[in-house]
Amino acid sequence: MGDISSTEKKLHWHLQGNWAPVEKELSESDLQVKGNIPKDLSGLFVRNGFNPVSGYSDHWFFGNGMLHGVYLEDGKASYKNRYVKTPYYEEDLNVMSSFGNLAASPANTHIVNHAGKLLALEETSLPWSVNKDLETLGVEDFNGKLDTAMTAHPRVCPETGEMLFFGYSMFSEPYLNYYRVSKEGALVQSEAIELPRPVMMHDWNITRNYVVFMDLPIVSDMDLAATTGSPFGFKPECGARLGVMPRDGNNSDVRWFDIDPCFVFHSFNSFEEGNKIVLYVSRQKEAMVGGFKDIYGGETTVARLWRWVIDLETGIVSEEQLDDGACDFPRINDNLIGLTSEYGYCMQLKTDVEDLTFGEHLFKYHLESGNRTDHHLGKNVAGGEPVFAPKPGSSKEDEGWILSLVHERETRKSKLVIIDAEAFDQEPVAEVIIPQRVPYGAHGSWIQN
Ligand SMILES: [Fe+2]
């Protein structure tokens with residue numbers, strides 16, 4: 001970008017270094033591998049991320065979705081990257097020109113496997129279906145039954161096979177909707193949920209019997225536009241609440257519990273313990289204080305591991321920080337979503353910096369105690385979301401591997417590291433060298449063959 005002012009640098013950090021998009025869609029096999037890919041690890045690791053097709057987007061969140069897939073089989077690896085080819089891509093739209101068209105999704109935030117479909121997700125739009133070759137198949141509206149946006153963070157229940165999700169709107173009522181999709185992929189329940197004001201709701205929580213909404217104060221408010229230039233921002237005076245609803249309940253069943261104002265982009269997991277609901281979250285004190293573009297605003301805007309316990313009998317919520325490690329992009333063994341789980345994995349974030357900066361460590365937490373094991377990726381190696389791939393046939397929670405797409409800042413190369421989750425602080429068992437740089441991105445999934 002040549003010489004740029006510090007103001008432009010602050011605005012356009014998401015187009016520089018390894019945030020910058022890549023141009024080519026590649027398909028390459030027989031990748032270079034350091035170490036040995038476990039034979040049990042057979043499937044597709046796929047991660048979504050932001051890759052503006054024109055080379056420019058006004059905000060990190062607005063780039064076109066590009067899927068990066070690493071296929072592992074018989075100890076060998078191949079790579080493919082493809083745009084999600086929605087109208088947002090085909091017609092090179094932006095936030096303004098796609099406004100009101102739910103099908104025109106950037107499709108850039110997550111990719112989730114359910115009922116035989118891979119869904120590329122972005123939270124202001126409908127999902128888009130792609131196949132395992134990462135070719136775009138079409139928009140998914142569940143036979144016309146979904147007519148609002150869908151979160152990028154649905155939860156697939158490991159016991160029932162259902163996919164539970166919500167959708168929020170910052171512009172029109174209902175500000176929140178709840179949906180339940182059967183194991184077979186049919187949308188079987190839709191509920192409008194009342195909120196006092198529109199808020200940004202990125203993630204949520206499920207347990208065996210309940211869902212828990214997070215009504216946190218990144219609000220849509222035109223008064224903010226006057227002070228910050230952004231219609232969205234942090235307003236702690238609006239308060240913060242957790243809403244507990246039976247999975248098959250409706251708006252009148254939601255019990256709201258006040259908590260201290262804060263923001264949570266992502267939850268690790270949540271589960272029931274008798275009459276209590278325990279939630280492990282990446283909680284930050286505040287977020288987007290200077291408006292929508294203010295993703296990183298210093299120490300108070302970086303998340304840490306917290307535990308919330310909702311006592312359904314007394315109505316009291318306890319809130320406790322468990323560790324001081326700055327981190328986000330939490331994951332668990334997906335076979336325990338909504339169920340008692342001991343371990344959580346996440347990516348370190350740096351705090352002594354000017355912009356959002358991914359750290360050199362991945363963390364493994366023993367959730368109950370908050371005890372942390374660090375995996376050092378190497379000097380000047382920036383992490384990515386740690387996705388857990390269970391060892392097939394094992395019921396031991398941490399028997400399996402952590403997969404993470406990481407970036408060597410000095411060589412400008414990207415690699416998929418494969419870490420034995422039970423020996424988390426040891427060297428990776430394998431590193432797959434990706435044949436092109438993979439920009440920092442968002443979320444992904446492991447799909448076992
Ligand atoms: Fe997310």
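Predicted model: local features only at pLDDT ≥ 70, side-chain atom pairs only at ≥ 80, totals over all residues.

Reader: Which counts of helices and strands describe the protein chain?

Author: Helices (H or I, at least four residues) and strands (E, at least two) are DSSP runs, numbered from the N terminus. On that basis the protein chain has three helices and 33 strands.

Reader: How is the radius of gyration of the protein chain to be judged, and what does the C-alpha trace span?

Author: The radius is taken over C-alpha atoms, and the globule rule is 2.2 Å times the number of residues to the power 0.38. For 449 residues a compact globule would have a radius of gyration near 22 Å, and the 20 Å of the protein chain agrees with this. Along its principal axes, the C-alpha trace spans about 55 × 50 × 45 Å.

Reader: What share of the residues is buried, and what share of the contacts is made by residues 24 or more positions apart?

Author: A residue is buried if 20 or more other C-beta atoms lie within 10 Å of its own, exposed if 12 or fewer, and partly exposed in between, with C-beta atoms placed from the backbone. Of the 449 residues, 47% count as buried. Two residues are in contact if their C-beta atoms, placed from the backbone, lie within 7 Å. Among contacts with a separation of 6 or more, 54% come from residues 24 or more positions apart.

Reader: In what order do the strands of the five-stranded open sheet stand?

Author: Strands of a sheet pair through backbone hydrogen bonds, either parallel or antiparallel. Two strands count as paired if DSSP finds at least two bridges between them. Here the order is β1-β5-β4-β3-β33, with antiparallel pairing. The edge strands, β1 (27–28) and β33 (444–448), each pair on one side only.

Reader: How many bridges join β4 to β5, and how many join β1 to β5?

Author: Strand β4 (residues 65–73) runs antiparallel to strand β5 (residues 76–83), and eight bridges join them. In this pairing methionine 66 faces tyrosine 83, and tyrosine 71 stands opposite serine 78. β1 and β5 are also antiparallel, with two bridges; there glutamate 28 stands opposite tyrosine 79. The hairpin of β4 and β5 has two residues between the strands, and aspartate 74 in this hairpin takes a positive phi near 50°.

Reader: Why is one side of β10 and of β13 left without a neighbour in the sheet?

Author: The sheet in question is open and has four strands in the order β10-β11-β12-β13, with antiparallel pairing. β10 (155–156) and β13 (187–193) stand at its edges with a single partner strand each, so one side of each lacks a neighbour in the sheet. Within the sheet, β11 (residues 163–168) and β12 (residues 176–181) pair in the antiparallel sense over six bridges. Methionine 163 stands opposite valine 181 in β12.

Reader: Where does a cis peptide bond occur, and which residues other than glycine have a positive phi?

Author: Most residues other than glycine have a negative phi, and most peptide bonds are trans. A cis peptide bond joins glutamate 173 and proline 174, with omega about -5°; proline 174 lies in the loop between β11 and β12. Among the residues with positive phi is aspartate 30, at about 50°, in the loop between β1 and β2 (33–35). Aspartate 30 counts as exposed, with 9 C-beta neighbours inside 10 Å. Another is arginine 412, with phi near 60°, in the loop between β30 (400–408) and β31 (413–420). Arginine 412 has 10 C-beta neighbours inside 10 Å and is therefore exposed.

Reader: Which residues does asparagine 94 touch, and is serine 369 buried or exposed?

Author: Asparagine 94 lies in the loop between α2 (87–90) and β6 (110–114). With 17 C-beta neighbours inside 10 Å, asparagine 94 counts as partly exposed. Not counting residues up to four places away in sequence, asparagine 94 touches Asp58 and Phe62. Asparagine 94 and proline 52 are 42 residues apart in sequence and 9.7 Å apart in space, C-alpha to C-alpha. Serine 369, in the loop between β26 (358–366) and β27 (371–376), is exposed, with 10 other C-beta atoms within 10 Å.

Definitions and conventions:
Residues numbered from 1 in each chain as written.
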